Amino acid sequence: MNLRDKYGIPENAVITVAGTVGVGKSTMTEALAKALDFKTSFEQVDGNPYLDRFYDDFNKWSFHLQIYFLAERFKEQKRIFEMGGGFIQDRSIYEDTGIFARMHKEEGTMDPVDYDTYTSLFEAMVMTPYFPHPHVLIYLDGSMEDILSRIHRRGREMEQQTPNTYWEEMHGRYENWIKEFNACPVLRLNINDYDLLTNPHEIDHIAEKIGQILNQ
């Protein structure tokens, strides 16, 4: 018996993994998908034509980057819908509008007119029948010190060149966002409470918590 059947997790469930850069979303996504016999949906970073430009000039490229992400995530949402669910999703479309686009608008790195255009498009997308809302969102949380350590260890050049103040800003915005998030139930996990790379069996306990939420 796999963990999906063991804990009564529906085979068509959509489970989204959220959290700031460096908290281990990809590791969690892969481990859960394997344990539950689900498919994966990963954020596409490689091949993004705007990402490097954005890190060089936030003001010029923030709107372009957010529109690109929005389009890519909506295509993924449509794919999940057409395949009937059964997915673990690395990062949610809600983070794009609730954290990143809002941050750029509030800090003046996105024109208010561009922000209104972006949010109008997002609101239209989530109202379509092709947009499956997640059954549960797993929020990965950790201290700023732990998250910065992970960012530096994985060594992505564009992230290394980004000042720590940006990551601190993102951490605070994520905390504010998750407090207001109500699109689906939330399972909040501290990244220091498990280590899926060293102890992969710990995914069993996480799957049990997901089952408890879905069967309430």
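1. Basis. The model is predicted; local features need pLDDT of at least 70, side-chain atom pairs count only at pLDDT 80 or more, and totals for chains, interfaces and linings use all residues. Residues are numbered from 1 along each chain as its sequence is written, and side-chain values use heavy atoms, with hydrogens and water left out.

2. Helix α2. The twelve residues of α2 should span 16 Å at 1.5 Å a residue, and the end C-alpha atoms are 16 Å apart, which agrees. (Helices are DSSP runs of H or I, at least four residues, numbered from the N terminus; the expected span is 1.5 Å times one less than the number of residues.) Just after α2, Asp37 takes a positive phi of about 60°.

3. Buried face. Lys25, Met28, Thr29, Leu32, Ala33, Ala35 and Leu36 of α2 are buried (under 20% relative accessible area, 1.4 Å probe, protein chains only). Seen down the axis, the buried residues of α2 fall within an arc of 165°, so they line one face of the helix. The arc is taken from the directions from the helix axis to the C-beta atoms.

4. Thr29. This residue sits in α2 (residues 25-36). Thr29 counts as buried because its relative accessibility is 0%. Leaving aside neighbours within four places in sequence, Thr29 is in contact with Val17, Thr40, Phe42, Ile88, Gln89 and Asp90 (heavy atoms within 4.5 Å).

Definitions and conventions: Helices (H or I, at least four residues) and strands (E, at least two) are DSSP runs, numbered from the N terminus. Buried means under 20% relative accessible area, exposed over 50%, partly exposed in between (1.4 Å probe, protein chains only).
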